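Subject: Model for your files

Hello,

Here is the model I said I would pass on. My notes on it follow below the structure.

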Amino acid sequence: MSEPAVELSNCHYRYNGTVPALQGVSCTIEPGSWVAVVGQNGSGKTTLAKLCNGLLRPHAGRVRVMGQDARRQSVAQLARQVGYLFQNPDHQLFAPTVREEIAFGLDNLGFDPAEKEERLEETLKLFGLEAFAERPPAVLGYGLRRQVTVASLFALRPPILILDEPTAGLDWGRTKLLLERSRILHQSGHTIIFVTHNMRLVAEWAERVLVLHKGRLLADDTPRAVFGQPELLARAALSPPPITELSQRLRSLGLRGDSPSVEAFCEEVAQLVAARSEAIS
Amino acid sequence: MRGSGSARGREIGSNLVSPQFDLYVSRASWLHRLDPRTKMAFVTVSFALLLLNDQLTLMVAYLVAVHLLLRQAEIPWSRIRWLWDRTWLVSLMIFLLWPIFYPSGEPVLVGWRFIQITVPSLVEGLSAALRVIDLAFAVLVLLVSTDQTRLVQGLVRLGLPFEWGLGLAIGLRYLPLLHGTYQTITDAQRARGWSPGQGSLIRRARAYVPALVALVIAALRLSDALTLALAARGFQPGQPRSVRRPLRMERADGWVLGASGLLLVAAVVLRFGLP
Amino acid sequence: MHPIVAVEDLHYAYPPLAPGQPPVPVLHGVSLSLSRGECLALLGPTGAGKSTLCLALNGIIPHLLGGSLSGSVRIGGQNTRDSTPGRLSQMVGLVFQEPESQLFTMTVDDEVAFGLESLALPPEEIEARLTESLEALGIDHLRARSPLELSGGEKQRVALAAALALRPEVLVLDEPTASLDPQGARSLLSAVARLRRENRTTILWVTHDVDRLPLLADRVAVLAQGRIVAQGTPREVFSCTDLLHQLGLAVPQMWELSSHVNRLWDTDHGWLTVNEAAEALERRLRE
């Protein structure tokens, strides 16, 4: 039984000492899992995410990262194990060239020059940034700036990746690219944690969903289980993707009401129809 | 661990400017209702009074009077303490160093080699120390009872070009945001393994480049976006504008201005004597 | 009937980033028109020129940003080249994506009044229009609050109220819900829907939110690489599957569902909303 990637035990956090952001949150994130953290703005999603890499330290409770108490390590030290992608790419871009921007993290984490060069070239190629390698990231368009920050993170290949609203403002094409690249890492055993509002993304890609509301963890379950509970979603002020809403509407016709995707829905409907025609004949 | 401040406390920038960007405390007192220009006049006269003179009794009297004024205007002790927290050290240093550097008069209390601590110089030192606090409190009276909008409006009525006033107002309004942006930027860089803490002063200064450059770029982007937003709202530099809530001098302003005038005369007389 | 917004063969290039560098062409012959009271949704991949087009509608391009513009943009018959952003702000209101960088005063009422003060209107009229705007967006209770303290959805409603106070006939919304959580997005869009119903405001809505698009939009246009590559009703545009796929643009999930269902049952459905799909499927499954 391997160590959990991240373990939060009864964590509490208050902003400015007064505003409660997290109250008694406990959860265990297994290595190699794909977890989505959802909730309204102000529910504590980002606070929870920041506890996982030491950017915030809980006022009570404990955070363990890969079996070690996070308290003993600084954020920079934890960065070897936990990578964090911030929502706004403009909050970190500073280098004169894309290449140097991506190299920044590699330098900080002390990769040797040969390895660093290799990873740099690989990352530039993987993210289609070769043509822009010598240009300043700050003057590129938003989609490319987002690409550069994602590339900077993925170049480090930390065992755990936390992505805070990575697809906000991206068109579907770029969103899919990001998800597919995350999937590649996921398939090689990395743990992926997404903080997001995009319920379609959650339904179709996540293995587990953590639902937060007013600082408390309301649910910690599979997407199907979470979307199949309309009362839970209503309480957390979340709405399921349209397909799930549809399948809930058609419960009276025999559907389970928790379809996470169009394919799953069609399968269920096809089975229903087949079962009926069998029953008739 | 209490809050995230302890881990961050060692970083340059997070403690230099307190997150308390806006000193304004909203109350409905007569002081709050005064025109900002009146209060600016009060500050100016206070400065004249305190800088032209150095009598200890004056400094103490002013300190007491300004505290009474603030309390009467319902300003909480927390705000008053805030200013004391930031001035006591400088004041103490002045008090301690003054007699050493400006020995004068008799009687000598303590003498050691070439350092003579005399009673008159102690009194002068105390007076100088209190003067600093008095000056700070004079400014506090203005800032604590005037919201930023009114403050800038006052300056514009006194002749500051509107565009400058708008720039000032927007700058003040965005300071907390930029502070927050700076925190986010340092977070993002630390999450990439950045740790600027160690090394010589020069090395540390260079280490802050990733955070500072990102902040400057963010500030530039913000100003670009604001330019567009202003234009979209019909703002045209140089064109005449109306004011929804114009400043108006009331009777109370008259009294305070009159009193300030008298105070100014007193300041000059105290200093230079009657002709 | 003249369209209230008429963009004809618009070409635009931003001035160079640094001296000696070439100008940055973004729009390559955009032609688009909107009739009064219509809501047009503008889709397109990131970098297609959607924001540039928005700025060309209220005169910021070319007056404030310079660059080289050819073709014409007419708002209510008036060519934007012959006007100024100041005057055009009374015809075209623009709401940007980021709430933070378009609210610049200390209180909500000051924010909404700013544009009215820029028009040098007398204080009584400013108050009247201010209240009207705030009530139209259901935020009168937030009047004295600082925009810094509000939620994302509330901030965007303040930005909208501030634009509306100038009583523009055309509203341009540049990804207004991109930075909002779903609840905020819903509240903003229902406020916009209400405005349409009550005032017949013409709306150009730049968005990626294809699932909510059918609730508000009459027509859809697709901008890619500075050109309009598709235009029509939502159904017409979403039927261009290959094009959309190539551009990396999504279709509403219900539309995706109808494609699957059509393959399954050899039907010809084109659902845009959950309601449409639910009704059709209920009928089918009860047979």
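**The sheet in chain C**

In chain C, 6 strands make up an open sheet with mixed pairing, and their order is E6-E7-E8-E3-E9-E10. Please keep in mind that this is a predicted model. At the edges of the sheet are strand E6 (92–95) and strand E10 (227–232) of chain C, each of which pairs on one side only. From one strand to the next the twist averages 20 degrees.

Within that sheet, strand E3 (residues 39–43) of chain C is paired with strand E9 (residues 219–224) of chain C in the parallel sense, over 4 bridges. For orientation when you look at this pair, C:Ala41 stands opposite C:Val220 in E9(C).

A helix also belongs in this picture. Helix H1 (residues 50–57) of chain C lies across E3, E6, strand E7 (170–174), strand E8 (202–206) and E9 of chain C. The direction of H1(C) is at about 155 degrees to E7(C).

**Domains of chain C**

**Domains of chain A**

For chain A, the assignment gives domain 1 (6–238) and domain 2 (241–281). The centres of domain 1 of chain A and domain 2 of chain A, again over C-alpha atoms, are 34 Å apart. In the contact, 9 residues of domain 1 of chain A meet 8 residues of domain 2 of chain A. Helix H7 (199–205) and helix H8 (223–227) of chain A each supply at least two residues of the domain 1 side. H7(A) gives the most to that side, with 4 residues. Sorted by class, the domain 1 side of chain A consists of 5 nonpolar, 1 polar and 3 charged residues.

**Where chain C meets chain A**

Between these two chains, the contact takes 31 residues from chain C and 30 residues from chain A. On the chain C side, helix H7 (182–199), helix H11 (253–265) and helix H12 (274–286) of chain C each contribute at least two residues. The largest share of that side comes from H11(C), with 7 residues. The side of chain C that touches chain A has 16 nonpolar, 10 polar and 5 charged residues.

**A helix pair in chain B**

In chain B, helix H3 (residues 36–52) and helix H6 (residues 119–145) pack at an angle of about 175 degrees, and their axes are 9 Å apart. Angles over 145 degrees count as roughly antiparallel, so H3(B) is roughly antiparallel to H6(B). From H3(B), the contact is made by B:Lys39, B:Met40, B:Phe42, B:Val43, B:Ser46, B:Phe47 and B:Leu50. The partners in H6(B) are B:Arg131, B:Asp134, B:Leu135, B:Ala138, B:Val139, B:Val141, B:Leu142 and B:Ser145. By class, the contact of H3(B) with H6(B) has 10 nonpolar, 2 polar and 3 charged residues.

Regards

Methods. Residues are numbered from 1 along each chain as its sequence is written. Chains are lettered from A and ligands numbered from 1 in the order in which they are written. This is a predicted model: local features need pLDDT of at least 70, side-chain atom pairs count only at pLDDT 80 or more; totals for chains, interfaces and linings use all residues. Two residues are in contact if their C-beta atoms, placed from the backbone, lie within 7 Å. Ala, Val, Leu, Ile, Met, Phe, Trp, Tyr, Cys and Pro count as nonpolar, Asp, Glu, Lys and Arg as charged, and the others, Gly among them, as polar. Axes are lines fitted to C-alpha atoms, for helices over the stretch in contact, and angles run from 0 to 180 degrees between N-to-C directions. Angles under 35 degrees count as roughly parallel, over 145 as roughly antiparallel, 65 to 115 as roughly perpendicular and the rest as oblique. Two strands pair if DSSP finds at least two bridges between them. Domain bounds come from an automatic or database domain assignment.
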